[in-house]
Amino acid sequence: MSDKKKTVVLGASPNPGRYSFLAVSRLTAHGHPVVAIGKRAAQIGDIPVTTDHPATEDVDTVTLYLNPGNQKEYYDYIMNLHPKRIIFNPGTENNELAKMAEDKGIYTLEACTLVLLSTGQY
């Protein structure tokens, strides 16, 4: 896909062994602008990982790397971003958040961001 999708990665980790680290790296490699939010301030390549809830415009996708219990504090933030879609990566599935999103017309998807990128479906 040639269009670039601004993506907020929730649960970003500077640990190279974490899937969220790979997602930030691969999204960037595919040319997608990334906002990385994690527990600790850090860097993933050229992308800063922030611990706050930055105001961000024109968000296409929020991809989740937080378990459902840790997602609750981000509900309002996610809804206020008005993303086009939310990707629930394996282990992040959350019916409560999915229903909130769908009620606001946000598309939800239970999928792996890394697989979507590698198969050209992102």
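## Helix H4 and its cover

The buried residues of helix H4 are covered by elements that include strand S5 (61–64), helix H2 (68–71), helix H3 (75–81), S6 and S7. Contact here means heavy atoms within 4.5 Å. Helices (H or I, at least four residues) and strands (E, at least two) are DSSP runs, numbered from the N terminus. The model is predicted: local features need pLDDT of at least 70, side-chain atom pairs count only at pLDDT 80 or more, and totals for chains, interfaces and linings use all residues. Residues are numbered from 1 along each chain as its sequence is written, and side-chain values use heavy atoms, with hydrogens and water left out.

Leu97, Ala98 and Ala101 are buried in H4. Viewed down the axis of H4, the buried residues fall within an arc of 100°, so they line one face of the helix; the arc is that of the directions from the helix axis to the C-beta atoms. An α-helix has 3.6 residues a turn, so residues three or four places apart point the same way. Asn95 and Asp103, on the other side of H4, are exposed. Buried means under 20% relative accessible area, exposed over 50%, and partly exposed in between (1.4 Å probe, protein chains only).

## Strands S6 and S7

Strand S6 (residues 85–88) and strand S7 (residues 107–110) run parallel and are joined by four bridges; strands pair if DSSP finds at least two bridges between them. Ile86 has Thr108 in S7 as its bridge partner. Between S6 and S7 the chain passes through H4 (residues 95–103), and this β-α-β crossover is right-handed. That term applies if, with the strands pointing away from the viewer, the path from the first strand over the helix to the second runs clockwise.

Arg85 lies in strand S6 and is buried, with a relative accessible area of 10%. Leaving aside residues up to four places away in sequence, Arg85 touches Lys5, Asp60, Thr61, Val62, Ile106, Tyr107, Leu109 and Tyr122.

## Overall fold

The protein has five helices and seven strands, in the order β-α-β-β-β-β-α-α-β-α-β-α from the N terminus on. Among contacts with a separation of 6 or more, 53% join residues 24 or more positions apart.

Along the principal axes, the C-alpha atoms fill a box of roughly 35 × 30 × 25 Å. Buried residues make up 47% of the 122 residues.
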